[in-house]
There are 2 protein chains.
Amino acid sequence: MKITDVAVYKVHYQSFMVRDSEYHSHPGPGHDAVEHMLEITLENGVKGCYMGPIYQDLVLSAVRPVLVGEDIFMRERIWQRLIHLQRLKTEFSDYVLCAIDLALYDALGKTLGIPIWQILGGYRTKVPCYGSIMVGDTLEGGLDSPQAYADYAQKLVAKGYHALKLHTWMPPAVPEASVKLDLEACRMVREAVGPDIPLMLDPYHYYSREEALELAKGLGELDFLWLEEPMDEHSIASYRFLTEASPVPICGPETAPGKYHSRADWISAGASHIGRTGALTSGGITSAMRCVHLYDSFGMTVELHGNSIGNLHILAAIRNGRYFERGLLHPYLDYEQPKPWLNSIYDPMDDDGCVFVPSSPGLGWDWNWEYIEDNKE
Amino acid sequence: MKITDVAVYKVHYQSFMVRDSEYHSHPGPGHDAVEHMLEITLENGVKGCYMGPIYQDLVLSAVRPVLVGEDIFMRERIWQRLIHLQRLKTEFSDYVLCAIDLALYDALGKTLGIPIWQILGGYRTKVPCYGSIMVGDTLEGGLDSPQAYADYAQKLVAKGYHALKLHTWMPPAVPEASVKLDLEACRMVREAVGPDIPLMLDPYHYYSREEALELAKGLGELDFLWLEEPMDEHSIASYRFLTEASPVPICGPETAPGKYHSRADWISAGASHIGRTGALTSGGITSAMRCVHLYDSFGMTVELHGNSIGNLHILAAIRNGRYFERGLLHPYLDYEQPKPWLNSIYDPMDDDGCVFVPSSPGLGWDWNWEYIEDNKE
């Protein structure tokens, strides 16, 4: 079943999110924004779709020629061509690769008439999730203090979340990240939600070894479930140091480049207790599933980064992953509202703090085609 | 799509193979024999089939209750239940697990209308193979001397094989295995086929470390591509010793228990240069694909053991495996003749020394149902 076309177009929408100088998201004033729709068309008329930050020029000039004419059933051959293209076409990042990989899987699932997780191998139809609280800010009524985190965490538990993760303060929201402030927020959240809610922390990503260890020790006293990425992940040695000494499990790597290869090196080095991958950070489902199998081989649990729809399909197909990351959440935002280009969210949560897995063919996006048609460019 | 029944029945046939005291196959006098057909039936009427040595009582008493009522699309959930059953039901070996796993994949492929390798991710439609010569014997005109191997190897190259593997002599064919005799056969085969045919050796499996290293050094001089399983694979330390010192790549493990887990441990220990798995020895396609992804993560090639139809599907779906093992071959036997329960062989070889991958839905067995019906019990 040949790929006949690859198209990318812009979809305009009113955004209430802004990015800071470290490219973290925060609520902000409404403004016109664009997202990109990727459509991979097959000769049977099926379109595999993905909506996200995709560089139109890059995809059309470098990736489209690789895909058109390929057979959707030659998934691994396409994958090899794509990752070989990444070596010199360095703008073709794993984020863009994720978009391509997920759109290809969407086309494949629609062609076969089944959701992706059934191609990968079904394990469950709903997955436990944790609420992932956004990076700290300076917004009044937002996430501007340890007390604000505690209040919000309590609300999230009342809303049905059975586990929570904090992202604390980092520049430019604060002049310097602070282990003391992080621990204060974590302590107040622990007190607010009680001892039975699993808590995790994703703090500033450029602490020193000593700061990271101090943070880990503090989290140990607060019975945290894991600590992720407190240091630059390009240094495996730093993570081995931390993993050997930390009383809480270290989870990683997330942003380290190298997909399954770097995960293998981290395992060899004993650089984390819990593995980490994800559709978005590892270059799609194809790569993340290799990571999952790698971790399974070493008896390791793997946590998936971010709320990608791809992660839902992966988690529905595997046993050695515990949580779907639901968010990012913020007091200003209503996560239950779908993006304007969707009729419904893909990760509704039930009373048990679990997220249902899409059951329709492909990825299971519930597109609002009318909105997309009216706002495309 | 629910599994509604699991059946196992015997199929009688005239066999010309006998097993020795180490359970190796050799040509022998014709005699009545039985093989077992496993049929997994789905509610859509599809039957997933596997023919092989399956213990009828074991499958019907212990495995059938696990499968009936399960959904064929919940592949990973079924897999987890099966491998957990293996812990205490120790007769439920990885060989039997392979039969179950392949029959499940057959049913899934037939339900989706595609061959298994397209579910796994297509990479190629034909795969290079090597001719795998049977274990040495004492049969006149068989494999009873180094000269017999050399003559036969020459014939196989003339027949179109581009690479060959030897299995040499071991008890009870000889009173004691001999490194000297092995190397003599390897030397004469190398001289017979010339320098351009890749050669591999799978010798006696219980040599000492010193004997294995002596063998490896001799093979280094003969430019062999790899040496596999010259020692008991339960000792990872022995294989690390050999791998560190050997001038030819060591390939393994094959029969070591533990599926992807033991492969991970071998990698951590640096116990082989080339990885090894296979549908039959690792408990099916599900397990072998985890091994493949594990090896890929570590930048390692993996060689698949045996001529299982499952291996063909795996090799068609991956890049980091080089060869399909075609055989076992013996001067007395015509490998091109299908077993009586098949209309055609599943691994025909072309002029390039490559084997085509089945293209029909499921595993692609070409069953002779008339023969099976007439000879079932």
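Residues are numbered from 1 along each chain as its sequence is written, while chains are lettered from A and ligands numbered from 1 in the order in which they are written. In this predicted model, local features need pLDDT of at least 70, side-chain atom pairs count only at pLDDT 80 or more, and totals for chains, interfaces and linings use all residues.

Me: What makes Lys259(A) buried or exposed?
Reply: A residue is buried if 20 or more other C-beta atoms, placed from the backbone, lie within 10 Å of its own; it is exposed if 12 or fewer do, and partly exposed in between. Lys259(A) has 24 other C-beta atoms within 10 Å, so Lys259(A) is buried.

Me: And what is Tyr23(A), buried or exposed?
Reply: Tyr23(A) has 6 other C-beta atoms within 10 Å, so Tyr23(A) is exposed. Tyr23(A) also has a positive phi of about 70°, although it is not a glycine.

Me: Where are Tyr23(A) and Lys259(A)?
Reply: Tyr23(A) is in the loop between E1 and E2 of chain A. Lys259(A) is in helix H9 (residues 259–269) of chain A. Helices (H or I, at least four residues) and strands (E, at least two) are DSSP runs, numbered from the N terminus. Phi of Lys259(A) is positive too, near 50°.

Me: Why are the buried residues of H1(B) said to be on the same side?
Reply: The buried residues of helix H1 (residues 56–67) of chain B are Val59(B), Val63(B) and Leu67(B). They cover an arc of only 50° around the axis, which puts them on the same side of H1(B). The arc is that of the directions from the helix axis to the C-beta atoms.

Me: Which exposed residues are on the face turned away?
Reply: Asp57(B), Ser61(B) and Pro65(B) are the exposed residues there.

Me: How do you know which strands pair in chain A?
Reply: Two strands pair if DSSP finds at least two bridges between them. Six bridges join E2(A) to strand E3 (residues 47–52) of chain A, so these strands pair. They run antiparallel. The hairpin has four residues between the strands, and Gly45(A) takes a positive phi near 90°.

Me: How many residues of the two domains of chain A are in contact?
Reply: The domain assignment gives domain 1 (3–113 + 370–375) and domain 2 (118–356) of chain A; such bounds come from an automatic or database assignment. Two residues are in contact if their C-beta atoms, placed from the backbone, lie within 7 Å. By that rule, 23 residues of domain 1 of chain A are in contact with 25 residues of domain 2 of chain A. H3(A) gives the most to the domain 1 side, with ten residues.

Me: Which residues touch the most other members of the largest nonpolar core?
Reply: A nonpolar core is a set of buried Ala, Val, Leu, Ile, Met, Phe, Trp, Tyr and Cys residues joined through C-beta atoms within 7 Å. The largest has 243 residues, and Leu164(A), Ile314(A), Leu164(B) and Ile314(B) touch the most other members. Leaving aside neighbours within four places in sequence, Ile314(B) is in contact with residues including Leu120(B), Ala279(B) and Leu304(B).

Me: Where are the cis peptide bonds from Gly252(B) and Gly327(B)?
Reply: One runs from Gly252(B) to Pro253(B), with omega near 5°. Pro253(B) is in the loop between strand E8 (250–251) and H9 of chain B. Another runs from Gly327(B) to Leu328(B), with omega near 15°. Leu328(B) is in strand E11 (residues 324–329) of chain B.
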